[in-house]
Amino acid sequence: MALEQQIKLKDLISNSASPVLAVFSAPGCGPSRLLDTVLAEAIAYLKQKLQIVRIDSEQNSALSDRYQVHALPTLLVFKNGQLAGRIEEERIENLLPAAHLVQRLQAIL
């Protein structure tokens with residue numbers, strides 16, 4: 001499954017006409033669950049501007065290693081097939097409310 005997810009992400013990054021937001025999280029991670037609500041609001045605002053893919057970091061450790069994902073949640077933005085930006089916060093509060101997250105994502109887009 002991990003190799004399959006890696007191939008899907010690579011294809012999505014390579015073939016997408018719009019930027020891709022890869023959200024690395026884990027089901028048992030408190031900050032990841034907290035970000036879910038904020039992310040839902042941010043996605044509603046940005047859904048026309050980017051594609052979103054969620055990646056379970058526990059199930060896809062090779063993919064997490066490849067992109068050097070250490071803290072969860074980590075958001076990676078890919079544009080034109082390349083990594084364009086990374087949002088990786090030690091304190092999830094820095095991404096709250098959703099307007100802060102949208103602002104950070106727009107700076108990368």
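Asp36 has a relative accessible area of 31%, making it partly exposed (between buried, under 20%, and exposed, over 50%, with a 1.4 Å probe and protein chains only). This is a predicted model, where local features need pLDDT of at least 70, side-chain atom pairs count only at pLDDT 80 or more, and totals for chains, interfaces and linings use all residues. Residues are numbered from 1 along each chain as its sequence is written, and side-chain values use heavy atoms, leaving out hydrogens and water.

**Salt bridges**
- The whole structure holds 2 salt bridges (a side-chain nitrogen of Lys or Arg within 4 Å of a carboxyl oxygen of Asp or Glu).
- Asp36 pairs with Arg54, with 3.0 Å between the closest N and O atoms.
- That pair links distant parts of the chain, 18 residues apart: Asp36 lies in helix H2 (residues 30–46) and Arg54 in strand E2 (residues 51–56). Helices (H or I, at least four residues) and strands (E, at least two) are DSSP runs numbered from the N terminus.
- Arg54 is partly exposed at 41% relative accessibility.
- Arg86 and Glu88 form a salt bridge at 3.8 Å, N to O; Arg86 is partly exposed at 31%, and Glu88 is partly exposed at 29%.

**The sheet**
- Four strands make an open sheet in the order E2-E1-E3-E4, with mixed pairing (strands pair if DSSP finds at least two bridges between them).
- E2 and strand E4 (82–88) are the edges; each has a single partner strand, so one side of each lacks a neighbour in the sheet.
- Strand E3 (residues 74–79) runs antiparallel to E4, joined by 6 bridges.
- Arg86 in E4 is the bridge partner of Leu76.
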